[in-house]
Amino acid sequence: MATDASPSHPSNLPSPSEAGANAGSGSESSPQTEAAATPPAPANAVAIRDMTIDDLAPVFHLGEQLFQNELYPTLYRTWDEWEVSGLYNTDPEYCLIAEVEGEFAGFVLGTVIEKQMTYGYINWLGVDHRFQRRGVADSLVDRFVERTIHQGARSLFIDTDPANEPAVKFFTRKGFDNVRRHVYMSLDLGQHPYFGRLIDYEQDQVERAARKHRRRAKG
Ligand SMILES: CC(C)(COP(=O)(O)OP(=O)(O)OC[C@H]1O[C@@H](n2cnc3c(N)ncnc32)[C@H](O)[C@@H]1OP(=O)(O)O)[C@@H](O)C(=O)NCCC(=O)NCCS
């Protein structure tokens, strides 16, 4: 299994953390510097690897814990098994797993979009509570960015719930700016003068069909 399959930055460049893109993270160094380094990696070093089929369930369940309805309703509504399996299917090179001391610690799921320009988009980022504030997201995002640059990306986008202070602070610290607010609206269909009646009609049809089925079953 590839733990470092990405085209990491060249050895004559500073790593993202050395370059000041983030401070004090436990992120791993590039393969080139790893090869030259003699001291063993710190015990709590973050290792980033490609996502595998076995990671689908752990990633989904960690997302269930993190994207809670009471905290972030928009994230909660859109997180499901298909998000994980779909991105793993279409964009495996942008689905990464972080491990700390061999334990699953977090994930990033993203994509690269090519329109007039090429840009990276982070769909989902999550770190297990036990491993938060230890540079895990830093390492995941840095590796993700390296891969998107290799693919031609020259900018990155993310979105999250404005109330998600940890994420907003995290991305601000990573250098993201140009905040643009997005309006979410909802419609209670049951209360709508036309659609409400349509719902009643559909329900009535289902009940009639069920009654008919029961009568037939009785003979
Ligand atoms: C946002 C998140 C991914 C950050 O992961 P992390 O591994 O803890 O982040 P890092 O350790 O790499 O970076 C830490 C920095 O992020 C910000 N940060 C992270 N958690 C924070 C919190 N609870 N409160 C305030 N700032 C926070 C700070 O800038 C922090 O730097 P500091 O420790 O020097 O203050 C993590 O909190 C998480 O999984 N949240 C729930 C899921 C989510 O909201 N994902 C993003 C939207 S999809």
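Modeller: A residue is buried if 20 or more other C-beta atoms lie within 10 Å of its own. The model discussed here is predicted.

Biologist: What percentage of the residues of the chain count as buried?

Modeller: The cut-off is 20 or more C-beta neighbours within 10 Å. The chain has 219 residues. The share that counts as buried is 26%.

Biologist: In what order do the elements of the chain run from the N terminus on?

Modeller: The chain holds 7 helices and 5 strands. Read from the N terminus, their order is α-β-α-α-α-β-β-β-α-β-α-α.

Biologist: Which element gives the largest share of the shell around the ligand?

Modeller: There are 21 residues around the ligand, and Q132, A137, D138, P166 and F170 come nearest. Elements giving two or more residues to this shell are β4 (118-127), α5 (136-150) and α6 (165-173). By class, the shell divides into 9 nonpolar, 6 polar and 6 charged residues. The largest share, 6 residues, comes from α6.

Biologist: Are α2 and α4 parallel or oblique to each other?

Modeller: The axes of α2 (residues 56-66) and α4 (residues 81-90) come within 9 Å and cross at roughly 135 degrees. Roughly antiparallel would need an angle over 145 degrees, and roughly perpendicular one of 65 to 115. The two helices are therefore oblique.

Biologist: Is the crossing of α2 past α4 left-handed or right-handed, and which residues meet there?

Modeller: The crossing is right-handed. On the α2 side, the residues are L56, V59 and F60. The contact has 5 nonpolar, 1 polar and 1 charged residues. Facing them from α4 are E81, V84, S85 and Y88.

Biologist: E101 has a positive phi. Is E101 buried or exposed?

Modeller: E101 is not a glycine, yet its phi is about 50 degrees. Its place is the loop between β2 (95-100) and β3 (103-114). E101 has 11, so E101 is exposed.

Biologist: In which loop does N178 lie, and how many C-beta neighbours does N178 have inside 10 Å?

Modeller: N178 is not a glycine either, and its phi is positive, about 55 degrees. The loop is the one between α6 and α7 (195-218). N178 counts as exposed because its C-beta neighbours inside 10 Å number 6.

Key: Residues numbered from 1 in each chain as written. Predicted model: local features only at pLDDT ≥ 70, side-chain atom pairs only at ≥ 80, totals over all residues. Near = placed C-beta within 6 Å. Helix = DSSP H or I, 4+ residues; strand = E, 2+ residues; numbered from the N terminus. Nonpolar A, V, L, I, M, F, W, Y, C, P; charged D, E, K, R; others polar. Buried ≥ 20, exposed ≤ 12 C-beta atoms within 10 Å, placed from the backbone. Axes fitted to C-alpha atoms, helices over the stretch in contact; angles between N-to-C directions. Parallel < 35°, antiparallel > 145°, perpendicular 65-115°, else oblique. Left-handed = near helix turned anticlockwise from the far one by under 90°. Contact = placed C-beta atoms within 7 Å.
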